[in-house]
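User: I am new to this structure and would like a close look at one part of it. Please keep the answer plain and connected.

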Amino acid sequence: MGGRVDTKSDPWWTKNNASNMTEVHSMDELLQVLQANADKLVVVDFYARWCAACRALHPKLCKIAEENAHDVVVVKIEFDDNKDLCRGLGVRVLPYFQLYRGERGKVAAFSASISKVARIREGIAEHRPGGTYDTDPATAAGWPAADVAEKSSSEDEEPAGEREPAPAR
């Protein structure tokens, strides 16, 4: 079935969520979470219940969230229930992550599968309050780094249309 999981017998996306993880279903809810946590790093996890890579990454993401509960909030957005929101935020592959930090707004966007879970940890270490961005002048001077922050869309690109996001590899 290539990248798809049985969601009826195992609601994996609800298991072992850390106390600093929340699910949102609209742009208004996302904006409320961002405003309420302006002093923290907000990690937005775009996933789909059918996505095998998302399922494999979920336990690691829960552990990362728990380890960083004091200054990181993880927001989960399910793709199929929020297609317009996800497409509006430039999601084209799953699992996909966007990191937001107060007035700075989006500071990073990337895809990360289970084999690239270190990318999530690196993004948190760099952008969390007191992280590398705050303490290393060389890092801060280059913000936002072109290889870290991705544009959500480009005028030269064709619209995504009704395509489903491809699972990350």
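This is a predicted model: local features need pLDDT of at least 70, side-chain atom pairs count only at pLDDT 80 or more; totals for chains, interfaces and linings use all residues.

Analyst: Residues are numbered from 1 along each chain as its sequence is written, and side-chain values use heavy atoms, with hydrogens and water left out.

Trp 12 is buried, at 4% relative accessibility. Buried means under 20% relative accessible area, exposed over 50%, and partly exposed in between, with a 1.4 Å probe and protein chains only. Trp 13 is buried too, with a relative accessible area of 16%.

The structure holds four aromatic pairs. Trp 12 and Trp 13 form one that is edge-to-face, with 5.8 Å from centre to centre and 90° between the planes. For such a pair, the ring centres of Phe, Tyr or Trp (its six-membered ring) lie within 6.5 Å; planes under 30 degrees apart count as stacked, over 60 as edge-to-face and the rest as tilted. Ring pairs also bring in Tyr 47, making a cluster of Trp 12, Trp 13 and Tyr 47. Arg 49 lies over the face of Trp 13, 5.5 Å from the ring centre. The criterion is that NZ of Lys or CZ of Arg is within 6 Å of the ring centre and within 35 degrees of the ring normal.

Strands (E, at least two residues) and helices (H or I, at least four) are DSSP runs, numbered from the N terminus.

S2 has pairing partners, where pairing requires at least two bridges found by DSSP between two strands. With strand S3 (residues 72-78), S2 pairs in the parallel sense over seven bridges. Val 43 has Val 74 as its bridge partner in S3. Between S2 and S3 the chain passes through helix H2 (residues 52-67), in a right-handed β-α-β crossover. Right-handed means that, with the strands pointing away from the viewer, the path from the first strand over the helix to the second runs clockwise. With strand S5 (residues 96-101), S2 pairs in the antiparallel sense over six bridges. There, Val 44 stands opposite Gln 98.
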